[in-house]
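Me: I am new to reading protein structures. Could you walk me through the features one by one?

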Amino acid sequence: MINGIIIIDKEPGFTSHDVVAKMRGICGQRKIGHTGTLDPAATGVLPVCLGSATKLCDLLTDHDKEYVAELLLGTTTDTQDTTGTVLTTRPVTVSEEKVREAIASFVGEYLQVPPMYSALKVNGKKLYELAREGREIERKARPVSIRELEILEMNLPVVKIRVACSKGTYIRTLCADIGDKLGCGGTMQSLRRTGVGRFGIEDTLTLGQLQSLKDAGRVMDCVIAVDCVFADCPALHVSGAAVKLLENGNPFLPAQTTEGITYAAGEQVRIYFPDGSFAGIYAYAPERKQYKPVKMFLEKE
């Protein structure tokens, strides 16, 4: 079984679930999960976790994201992107300066109302399912954070932007909100995710490239080890009787590591077996003077 992360450059027309299904066929294993849905029309960075790395799915979903999108001003649609039904069209008479001011005003925290065409669930049903039934329900605004918002190109009515944002941010809705602020409406014309946490486009490969590596017997060349996600955490190696404790996900003492170091309370550390294989993330609990497990990644067939 493959245990690790493969960063896919999702192509248009595929859902995130389609990517997982195709990778199960390519990699020959069932235990595979993606780390956050990308719309079928969107492209770009989609980390996919395999084997023991599937425990990372929720963690990677929580990471900040980066996107490049095209905002089409003067048009609104029911899906907030150009795949939907056009609701309104208006002339775009605002100046480039006003567009820049409006876009800049969204940097920072703001309350965003999730779109009806989204996978969020209300009373056990996904919003897009309700939308396809012609139903619209009230959605609560949620706080999101726009870390960076840069204009890459402006050829009105189209504005190409780069967005660095918190998890849960809908770029479609951001485009619609910018259009609303300008009074002409707006919709998202294209979307490419360029980053998820530490992973960028330079780390990706297409499904076709992955298949080629598999055919050449080199699929492991593109697998990123689980512990790379925790590269900022210090590393400790167990020794002696602690090996058995670690195999069972039990706490152990600082003295039972090769390094013998006691880190600050709650500080997360990477824990390894004597042979250098990664076991999981632990944190020091001063009340018991032990390192206690936070998340285990034992590689079991």
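Here we go through salt bridges, aromatic pairs, cysteines and a hairpin in turn.

Me: What should I know before starting?

Reply: This is a predicted model, in which local features need pLDDT of at least 70, side-chain atom pairs count only at pLDDT 80 or more, and totals for chains, interfaces and linings use all residues. Residues are numbered from 1 along each chain as its sequence is written, and side-chain values use heavy atoms, with hydrogens and water left out.

Me: How many salt bridges are found in the whole structure?

Reply: Side chains of opposite charge can pair when their charged atoms come close. The rule here is a side-chain nitrogen of Lys or Arg within 4 Å of a carboxyl oxygen of Asp or Glu. Searching the whole structure gives nine salt bridges. One of them joins Arg172 and Asp39, at 3.2 Å from N to O.

Me: Where do Arg172 and Asp39 lie?

Reply: Helices (H or I, at least four residues) and strands (E, at least two) are DSSP runs, numbered from the N terminus. Arg172 is in helix H5 (residues 171-182) and Asp39 is in the loop between strand E2 (32-34) and strand E3 (43-50), so the pair ties together parts that are 133 residues apart in sequence.

Me: Is Arg172 buried or exposed?

Reply: Buried means under 20% relative accessible area, exposed means over 50%, and partly exposed is in between (1.4 Å probe, protein chains only). Arg172 is buried, at 5%, while Asp39 is partly exposed, at 28%.

Me: What about aromatic rings?

Reply: Rings of Phe, Tyr and Trp (its six-membered ring) pair if their centres lie within 6.5 Å; planes under 30 degrees apart count as stacked, over 60 as edge-to-face and the rest as tilted. The whole structure has eight aromatic pairs. In one of them, Phe252 and Tyr282 have ring centres 4.9 Å apart and planes at 40°, so the pair is tilted. Phe252 is in the loop between helix H7 (242-247) and strand E15 (268-272), and Tyr282 is in strand E16 (residues 278-285), so to speak a link between distant parts of the chain, 30 residues apart. Both Phe252 and Tyr282 are buried.

Me: Which residues do ring pairs link into a cluster?

Reply: They are Phe230, Tyr272, Phe278 and Phe297.

Me: How many disulfides are there?

Reply: A disulfide is a pair of cysteine sulfur atoms within 2.5 Å. The search finds zero disulfides in the whole structure. For Cys165, the nearest cysteine sulfur, that of Cys175, is 11 Å away. Cys165 is also buried, with a relative accessible area of 1%.

Me: Finally, how do E16 and E17 pair?

Reply: Two strands pair if DSSP finds at least two bridges between them. E16 and strand E17 (residues 290-296) pair in the antiparallel sense, over six bridges. Gly280 stands opposite Met296 in E17. The two strands form a hairpin with four residues between them, and Lys289 in the turn has a positive phi of about 55°.
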